[in-house]
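Here is a short briefing on one protein model. Look at the fold first, then read on.

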Amino acid sequence: MTAGTTLTTRTTAEHELAALQREHGRPLFALLLRLCDGDRQRAEDLAQETLVRAWQHPEALRADDFDSVRPWLMTVARRLAIDARRARQARPAEVGDAILENARVMSDHAERAAEALDVREAVKTLTPEHRDVLVLVYFQGASVAEAARALGIPPGTVKSRAYYALRALRRVLPGYAPDLR
């Protein structure tokens, strides 16, 4: 085969594909646009993929069993659209950059667990009186009056012990929690 023969064959295939596009392109695109819920880009991609399949299977286009290739093209397009939809549903939804920029940042569980261990170790360094007040007020959410009743001490003592306990924690955990200041 010479270079000229290959060029002629390729050109003939290109002409057939262009004629196929001219004759069936609009109805094919309209079908795919409906199947893609109005997504023009996806419909264009699937129309192009349908024509690639037609180019890969010229025997289907030249079969004498039917008058027009349009039903074959529409069937291929419909199946490609169904496959594309199933593929999208099988994986997580894609997220655009705008959504990522506005997304709330969640802390890492490992980092949070390490911080909790550090705080536990720091709380162990407190005196038992300070630790009891801190556990009741900050970790169990008791009010000053409830902590005072539970510990049998005046509310003012609960406040001062909580203050000094937090101050001691700031020294043991430098730069850890700005809300402890």
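The points below go from the whole chain to single residues.

This is a predicted model, in which local features need pLDDT of at least 70 and side-chain atom pairs count only at pLDDT 80 or more, while totals for chains, interfaces and linings use all residues. Residues are numbered from 1 along each chain as its sequence is written, and side-chain values use heavy atoms, with hydrogens and water left out.

**Overall make-up**

- The protein has nine helices and zero strands. Helices (H or I, at least four residues) and strands (E, at least two) are DSSP runs, numbered from the N terminus.
- From the N terminus, the order of elements reads α-α-α-α-α-α-α-α-α.
- The protein has 181 residues, and 22% of them count as buried. Buried means under 20% relative accessible area, exposed means over 50%, and partly exposed lies in between (1.4 Å probe, protein chains only).
- Take the contacts in the protein with a separation of 6 or more: residues 24 or more positions apart account for 54% of them. A contact means heavy atoms within 4.5 Å.

**The largest nonpolar core**

- This core has 12 residues, among them Leu28, Phe29, Cys36, Leu46, Val76 and Leu80. A nonpolar core is a set of buried Ala, Val, Leu, Ile, Met, Phe, Trp, Tyr and Cys residues joined through side-chain atoms within 4.5 Å.
- Helices α1 (3-35), α2 (40-56) and α4 (70-90) each supply at least two residues of this core.
- Cysteine 36 touches Arg42, Ala43, Leu46 and Arg85, leaving aside residues up to four places away in sequence.

**How α7 packs**

- Two packed helices are described by the angle between their axes and the distance between the axes. Axes are lines fitted to C-alpha atoms, for helices over the stretch in contact, and angles run from 0 to 180 degrees between N-to-C directions.
- With α8: the axes of α7 (residues 128-139) and α8 (residues 144-151) come within 9 Å and cross at roughly 135°. That makes α7 oblique to α8. Angles under 35 degrees count as roughly parallel, over 145 as roughly antiparallel, 65 to 115 as roughly perpendicular, and the rest as oblique.
- Asp132, Val133, Leu136 and Val137 of α7 meet Ala147, Ala150 and Leu151 of α8. By class, this contact has six nonpolar, no polar and one charged residues. Ala, Val, Leu, Ile, Met, Phe, Trp, Tyr, Cys and Pro count as nonpolar, Asp, Glu, Lys and Arg as charged, and the others, Gly among them, as polar.
- With α9: the axes of α7 and α9 come within 8 Å and cross at roughly 100°. The two helices are therefore roughly perpendicular to each other. Their contact includes Val133 and Leu134 of α7 and Ala165 and Leu169 of α9. Its residues divide into 10 nonpolar, one polar and two charged.
- With α6: helix α6 (residues 109-124) and α7 pack at about 145°, with their axes 10 Å apart. Val119, Val123 and Lys124 of α6 and Arg131, Leu134 and Phe139 of α7 make the contact.

- Is leucine 169 buried or exposed? Leucine 169 counts as buried, because its relative accessibility is 4%.
- Leucine 169 is in helix α9 (residues 155-172). Leucine 169 touches Ala122, Val123, Leu126 and Leu134, not counting residues up to four places away in sequence.
- Leucine 169 and valine 119 are 50 residues apart in sequence and 8.3 Å apart in space, C-alpha to C-alpha.
- Aspartate 37 is in the loop between α1 and α2. Aspartate 37 is exposed, with a relative accessible area of 63%.
- Phi of aspartate 37 is near 55°, a positive value in a residue other than glycine.
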